[in-house]
Amino acid sequence: EKNESLLHKLSNVHSKDTLEIIYNFMKKYSAHVYDYPAEKKVYSFKNITLNSKNRTVSAFFVTGQYGVKSDILDKSTGKIRFPKTESDAEVLKHYIQFTIPSNSTDGIALFHKSMGVGIKSLFCAIFLGYFREQTESTLQFKPYSHATAITEWVENAKIKSFNVKGYEGNSDV
């Protein structure tokens, strides 16, 4: 029996290139600031770059959370500089990059974390529906933890089960 992969090549998911889908998605959500009310977050993409030769797309994913009234203080004087309302969002710029080799079922996504705030979950929440609309398929984002973090967790955690999935990198460095 022939064992065929159930996974699409990311450069050809129902005749569509995932890299181009990501690029078009970022372009679509770069004109304004958009609301994701489920998590009370705003987002936008800035400085979007597509490198077709290296099959890479990168941008700044500008995100912030709203919904809490607070004050912004001047650290030197302790005085209120800005009274933040429930509709104000303090935004951070996060670098985001996708590299998807041609004819591969795997790609690499880099998500910058700033001041302890990550963006992968928000990106997946807003992108995966768009991807499904474009391709009638699903896409998986599987994080790979840093080896030191895994080692520290293993040494300090009470473990009932431990599973590791290895990463086989692309032979074309």
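Biologist: What share of the 173 residues in the protein is made up of buried residues, and what does that word require?

Modeller: Buried residues make up 29% of the 173 residues, where buried means under 20% relative accessible area, exposed means over 50%, and partly exposed is in between, with a 1.4 Å probe and protein chains only. This is a predicted model, in which local features need pLDDT of at least 70 and side-chain atom pairs count only at pLDDT 80 or more, whereas totals for chains, interfaces and linings use all residues. Residues are numbered from 1 along each chain as its sequence is written, and side-chain values use heavy atoms, with hydrogens and water left out.

Biologist: Why is threonine 18 called buried?

Modeller: Its relative accessible area is 1%, and because the limit is under 20%, threonine 18 counts as buried. Threonine 18 belongs to helix H1, residues 18–28; helices (H or I, at least four residues) and strands (E, at least two) are DSSP runs numbered from the N terminus.

Biologist: What lies 2.8 Å from a polar atom of the side chain of threonine 18?

Modeller: It is the backbone oxygen of leucine 10, and the cut-off for a polar contact is a pair of N or O atoms within 3.5 Å; within protein, one must be able to donate a hydrogen and the other to accept it, and residues adjacent in sequence count only if both atoms are side-chain atoms. Contact in general means heavy atoms within 4.5 Å, and, leaving aside neighbours within four places in sequence, threonine 18 is in contact with Leu10, Val13, Ile100, Phe131 and Leu139.

Biologist: Why are aspartate 106 and proline 101 called partly exposed?

Modeller: Aspartate 106 has 43% relative accessibility and proline 101 has 22%, so each value falls between the two limits and each residue counts as partly exposed. Aspartate 106 is placed in the loop between E6 and E7, and proline 101 lies in the loop between E6 and E7 as well.

Biologist: What makes the largest nonpolar core a core, and how many residues has it?

Modeller: A nonpolar core is a set of buried Ala, Val, Leu, Ile, Met, Phe, Trp, Tyr and Cys residues joined through side-chain atoms within 4.5 Å, and the largest such set here has 28 residues, with Phe25, Phe61 and Phe98 among those having the most contacts inside it. H1, strand E2 (41–51), strand E3 (56–65), strand E6 (90–99) and helix H2 (120–135) each supply at least two residues, and H2 gives the most, with 7 residues.

Biologist: Why do strand E1 and strand E7 stand at the edges of the sheet?

Modeller: The 5 strands form an open, antiparallel sheet in the order E1-E2-E3-E6-E7; E1 (34–36) and E7 (108–111) each have a single partner strand, so one side of each is left without a neighbour in the sheet.

Terms used: Pairing = 2+ DSSP bridges.
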